[in-house]
Amino acid sequence: MSKKMIRIMLPSCIHPLDERLWQGGGLRGRSVEITPLFIERHHGIRSNKLCDTHDFWELTCVLQGEVTLHFADRLDLGPQRVCLIPPRVEHREASDGSADTIWIGFRGNRTPDGILTRPQV
């Protein structure tokens with residue numbers, strides 16, 4: 001069974017990634033140091049009790065409502081706010097149900113100071 005992409009209407013401040021990124025071969029001239037993995041949209045309650053970590057970058061985009069990101073500290077995000085979470089950073093999300101959020105996961109090279117870099121040749 002193949003998965004089908006569901007088209008959603010996004011506010012004008014959000015620009016979806018070109019669909020060719022998900023097809024074999026990608027875009028001509030696409031960055032080799034950044035590889036998109038997924039785009040996920042969630043609307044509703046988010047109540048993770050445990051922190052999670054993963055080996056990819058995560059871009060959190062809040063379209064509506066409020067989302068709280070818990071790291072060693074906490075970060076409150078409102079509408080049209082974005083947060084980039086580096087790989088291997090423990091975190092969790094929480095919202096009361098009014099939040100509409102998009103997560104974009106991607107792989108990329110980085111230096112010890114967390115800056116995305118080009119791969120070593």
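Modeller: Let's settle on Thr60, which sits in strand β2 (strands here are DSSP runs of E, at least two residues, numbered from the N terminus). Before going on, bear in mind that this is a predicted model, where local features need pLDDT of at least 70, side-chain atom pairs count only at pLDDT 80 or more, and totals for chains, interfaces and linings use all residues. Residues are numbered from 1 along each chain as its sequence is written, and side-chain values use heavy atoms, with hydrogens and water left out.

Thr60 has a relative accessible area of 0%, so it counts as buried (under 20% relative accessible area, with a 1.4 Å probe and protein chains only). Its side chain makes a polar contact of 3.4 Å with that of Trp103 (a pair of N or O atoms within 3.5 Å, one able to donate a hydrogen and the other to accept it; residues adjacent in sequence count only if both atoms are side-chain atoms). Not counting residues up to four places away in sequence, Thr60 also touches Leu77, Arg81, Val82, Cys83, Ile85, Thr101 and Ile102, among others; touching means heavy atoms within 4.5 Å.

Now the strand itself: β2 covers residues 57-64, and six of its eight residues are buried, so the rest of the structure largely encloses it. Its antiparallel partner is β5, residues 81-85, joined over five bridges (pairing takes at least two DSSP bridges). Within that pairing, Cys61 stands opposite Val82.

How values were computed. Buried < 20%, exposed > 50% of the residue type's maximum accessible area, 1.4 Å probe, protein only. Helix = DSSP H or I, 4+ residues; strand = E, 2+ residues; numbered from the N terminus.
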